[in-house]
Amino acid sequence: GVPPAIGPLLIACGMQETIYAGSRVEYTPMSQNTGSVTQRFHNDGVRYVSRGGRGKFKLDLSAMGRPTAEFEIWSLARTESAMAMPAVDFSAFKLPEVVTDAASGDIRFGSTLTAGNVTGGTAYKSKGLTIDYANEIEHFPMLGGEDIGIGHRKVTGKMRVALSETDEVQWLSDIRAVATTTMSFVHGSTAGKRIIVHGGRVQRYGMKRAPEKSRLMFDVDLGYVPQGADNELTLVFK
C-alpha cells in the first residue's frame, strides 16, 4: 500500500495512482487532467530545477534479465543556482529480482485481475515481455504560459513465446479474426517487491517464426486496446 519510488514518474506519464492501504498501489491510464513532475538535478556544482514534466516510458521484463523502467520526460527549465551536491538517498528504490521462473513464472492469456490478484488463464512459456507506453509528448510555447502536454497514447508490447502445434494454429486464427484477450504477468517473489502487468484487452499481431538454437519460437507484437475507458494497461505494485 506504499507507492513505489517511480510513482511520481508514472503519474507524469499520464497514469492515475490509486492507493489501497495495506494492500497495493495501482496505476491506470488517464486522458485528462494528467499530473506532472518537478525534477531537480545537479551538474558540476549547479542545481537545475525543471517543472511541468510529462513523458512516456518502456518496461523491460525480459527473461533472465534485470527488470527496468526507462523514462523519457520533457519539462520546462525554470531555475538554476550554484549549490554543492547534496546527499542522495536511494533507499526507496527496491533491489530488483532477475526475471526467472522462481521470481516470475509464466505469462497468462485469458486471465483475470481482481483486487490485485491474477487468476485463471492459460500459461505459456516465453522469453518475457517488453511494453512501450508510447505517449505523444507535446511542447506548447504560448504567451501567458507554456507547458508540456500528452497527446495521443499508444501502448504496445513484444514477446517471444513457445507454442504447441495446436496453439500455433489457434493463435494464427485469432490474429486473422482480430481477436482480443486479457493478459497478465506477475514479477516478484515477495511482498513489497512484486509488480503485476495486466492488459484488459490485448490484440496479438505480426506473429513471426523465430528459431532459437534447435527450438522454434514465435515473436509476437501486442497491442493494448482501451475498451470504452482508460483501462488498456494496469500496473499493480504490492
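Trainee: Is Glu168 buried or exposed in this predicted model?

Mentor: Buried goes with a relative accessible area under 20%. Glu168 comes out at 17%, so Glu168 is buried.

Trainee: And which residue does Glu168 form a salt bridge with?

Mentor: Here's the general idea: side chains of opposite charge can pair when their charged atoms come close. In this case the partner is Arg209, and the closest N and O atoms are 3.9 Å apart. The pair links distant parts of the chain, with Arg209 in strand E13 and Glu168 in helix H2, 41 residues apart. Arg209 itself is exposed, because its relative accessible area is 60%.

Trainee: OK, on to the helix. How should I read H2, and which of its residues are buried?

Mentor: Check the span, then the sides. H2 covers residues 165-176, and its 12 residues reach 17 Å from first C-alpha to last, close to the 16 Å expected. Its buried residues are Glu168, Trp171, Asp174 and Ile175. Looking down the axis of H2, these buried residues fall within an arc of 130 degrees, so they line one face of the helix. Over on the other side, Glu165, Thr166, Val169 and Arg176 are exposed.

Trainee: What do the buried residues of H2 pack against?

Mentor: Several strands, including E6 (107-109), E11 (147-161) and E13 (195-212). Also look just after H2: Val178 has a positive phi of about 55 degrees.

Trainee: Back to charges. How many salt bridges does the structure hold?

Mentor: There are 11. Take Lys127 and Glu212, whose side chains meet at 3.0 Å, N to O. Lys127 sits in strand E10 and Glu212 in strand E13, 85 residues apart. Lys127 counts as partly exposed at 38% relative accessibility, and Glu212 is partly exposed too, at 23%. Both belong to a network of salt bridges that also links Arg160 and Asp219.

Trainee: Where is Leu233, and what is it in contact with?

Mentor: Leu233 is in the loop between E14 and strand E15 (234-237). With 0% relative accessibility, Leu233 counts as buried. Set aside neighbours within four places in sequence, and its contacts include Met15, Tyr27, Ile131, Val197 and Tyr224.

Trainee: Last one: which residues make the nonpolar surface patch?

Mentor: Met85, Val88, Phe90 and Phe93 make a patch of about 470 Å². Met85 lies in the loop between strand E5 (68-82) and E6, and at 57% relative accessibility Met85 counts as exposed.

Conventions:
Residues are numbered from 1 along each chain as its sequence is written. This is a predicted model: local features need pLDDT of at least 70, side-chain atom pairs count only at pLDDT 80 or more; totals for chains, interfaces and linings use all residues. Side-chain values use heavy atoms; hydrogens and water are left out. Helices (H or I, at least four residues) and strands (E, at least two) are DSSP runs, numbered from the N terminus. The expected span of a helix is 1.5 Å times one less than its number of residues. Buried means under 20% relative accessible area, exposed over 50%, partly exposed in between (1.4 Å probe, protein chains only). The arc is that of the directions from the helix axis to the C-beta atoms. Contact means heavy atoms within 4.5 Å. Patches are made of residues with over 30% relative accessible area and no salt bridge: like charges are joined within 9 Å, nonpolar side chains (Val, Leu, Ile, Met, Phe, Trp, Tyr) within 5 Å. Accessible areas come from the Shrake-Rupley method with a 1.4 Å probe; for residues, only the protein chains shown count as cover. A salt bridge is a side-chain nitrogen of Lys or Arg within 4 Å of a carboxyl oxygen of Asp or Glu.
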